[in-house]
Amino acid sequence: MDVIAFREAWPTLRGTSLPLEPDSWLLHIPNGHPLQTEIPAETLCRWIQQEIQESETLFVLRTRSLVAEWLPEKPACAYQELLEIQQDNIRGCVWKTMADPIAIQQQLLGNSQLETIAMAHQAVLQSPHLPLKLQELRIPKPWGYEGWYTGVEQRGVNSFIDEQGSTELPYALNLFPESLLAHQEPPLILLKTLNPVPEIILGDLYLELHQEKWEVYIVTAIDETAWPDGVGQVRAGLHPELLKTYQQQHGDDWWSAYRKDFRRAIQNYETLRRKLDERLDQERSQRGYGLNQALSTEEMKELLSTIPEHLQQEETKLRLAAEAYVGSYPVRVGDVVSFPTWQMHSLQHGVRVIEFQTPHYERMIVMFGQKALTQDHWNTEEALAGMKPEVYQPPQPELIWQQDGVRCERVVDFPDFDAFRICVPSGQRVRLEGKGNYQLLMGVEGYGQLLVGGESCGTVRHEEGWMIPAVADDCWLESRGTGDLICLQAIPKSS
Ligand SMILES: [Fe+2]
């Protein structure tokens, strides 16, 4: 259907609308009508805006469908969309249950506001140009949990959230796609946090490396029970002093000697690790836990306490002997650490980070102080063969601009997107500019107010994430806390 056909069909369609209050109506687009599925909401709104008077409000209800690509059987999922159209404004919300038009009319009678319906369906109220808040979704891991912000997978689907309710990303993004995403296609840039528990070993991630994936961590919190002075550590690269010793003893051949001894130390540890994991698996079975089930820290501590003292001591001795070959790097809140390919690394207990990653899921495990749940073997040989034989030096962020104390540095330069660290002193503000693309925003430290067209539309605090629509114009972030506001901004690259 085009705009000409719409104009011809409009008087009849309008005649079927249900009255609400003076100057407001509810129009239900029946199933099978060309306006039901063919026409995007933004186009439909523009057409209807040409037909209504300044004082009028038209609500439009229609049933739509999307393919859930993130599920193995890729089912078509029906959902409902309600648009609120005025000459100078459009808003909308979507939900996954099917409501009768008469029921919607009843809900709107006497209170013809979209808020009423959004609240009744616990759905986010969306304006095409206003930022949407991301709701964190926690995915348990053996070392703590991952906090997802933009994940759409079988394991979990993220949502936007507001006072009315929450709406899963794929449905919400389908409402005003032109305004939200412009020329980009979902999924959104993957934004998540890693939150290891503060206990040593339990909260230490795999010592691993990647062949293709670049990993970037921005530190959001350091647990003070683990690191009382607020300076945490990540393990990465070779151990600087040990490297010197090997260079003195073996000259140019130092790396093959270092690697050989490192490999032997890991093998010694792995032999014991396997024995312990078998014991722990038996213990798991007796307690009715799944063999690969992620357990809480308390359950894990309890399980580990069943290992006899002499074996625990042996475990510590062999693990430390292997870890002696790995370097450590100090980190504070706001720091950026990135790991190029073939760089060995392990995030440590109590160091919480935001992670940006390229969409590769490969990893090689060098070693691990617990049973690996996602694979049944380590990749020590391959990892050591390709590893960068060097002490870890984090790449320095690139200063993009600096003005009146506000700094913007690029911390990620991936093929698909850039990410920036923005630092705003208290009382200062920064314009959030996506250059026609959507933006993801995440608070690291401090407190900020989001303003669009001079109006407050949300706050940015520690680990609070937002999506800013591609069409958002005049969007500002003002630092209102006592200290500097530090936040991250990720923007897709125009293809
Ligand atoms: Fe990694």
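Over how many bridges do S13 and strand S20 (residues 351-357) pair, and in which sense? S13 and S20 pair in the antiparallel sense over 4 bridges; two strands count as paired if DSSP finds at least two bridges between them.

## Basis of the model

This is a predicted model, in which local features need pLDDT of at least 70, side-chain atom pairs count only at pLDDT 80 or more, and totals for chains, interfaces and linings use all residues. Residues are numbered from 1 along each chain as its sequence is written.

## Overall make-up

The protein has 12 helices and 31 strands. Helices (H or I, at least four residues) and strands (E, at least two) are DSSP runs, numbered from the N terminus. The C-alpha trace spans about 90 × 60 × 40 Å along its principal axes.

Of the 495 residues, 37% count as buried. A residue is buried if 20 or more other C-beta atoms lie within 10 Å of its own, exposed if 12 or fewer, and partly exposed in between, with C-beta atoms placed from the backbone. Among contacts between residues at least 6 apart in sequence, 73% join residues at least 24 apart; a contact requires C-beta atoms, placed from the backbone, that lie within 7 Å.

## Domains

The domain assignment gives domain 1 (3-120), domain 2 (197-386) and domain 3 (398-492). Such bounds come from an automatic or database domain assignment. Between the C-alpha centres of domain 1 and domain 3 there are 34 Å.

Strand S8 (residues 144-148) pairs with S13 in the antiparallel sense over 5 bridges. Thr-193 in S13 stands opposite Gly-147, and Thr-193 also stands opposite Ile-354 in S20.

## The sheet of 9 strands

Another open sheet, of 9 strands, runs in the order S12-S11-S6-S29-S26-S31-S24-S23-S22, again with antiparallel pairing. Its edges are strand S12 (166-168) and strand S22 (398-403); each has a single partner strand, so one side of each lacks a neighbour in the sheet. The twist here averages 30 degrees from one strand to the next.

Strand S6 (residues 132-135) and strand S11 (residues 159-161) run antiparallel and are joined by 3 bridges. Lys-133 has Ile-161 in S11 as its bridge partner.

## Helix H3

Which residues of helix H3 (residues 41-49) are buried? The buried residues are Ala-41, Leu-44, Cys-45 and Ile-48. They cover an arc of only 100 degrees around the axis, which puts them on the same side of H3; the arc is that of the directions from the helix axis to the C-beta atoms. The elements that cover the buried residues of H3 include helix H2 (34-37), strand S3 (57-67), strand S4 (76-86) and strand S5 (89-95).

## Backbone details in loops

The peptide bond from Pro-186 to Pro-187 is cis, with omega near 0 degrees. Pro-187 lies in the loop between helix H7 (177-181) and S13.

Gln-122 is not a glycine, yet has a positive phi of about 50 degrees. Its place is the loop between helix H5 (114-120) and S6. Gln-122 counts as partly exposed because it has 13 C-beta neighbours inside 10 Å.

Asp-474, also not a glycine, has a positive phi of about 55 degrees. This residue is found in the loop between strand S29 (465-468) and strand S30 (475-479). With 12 C-beta neighbours inside 10 Å, Asp-474 counts as exposed.

Methods. Axes fitted to C-alpha atoms, helices over the stretch in contact; angles between N-to-C directions. Contact = placed C-beta atoms within 7 Å.
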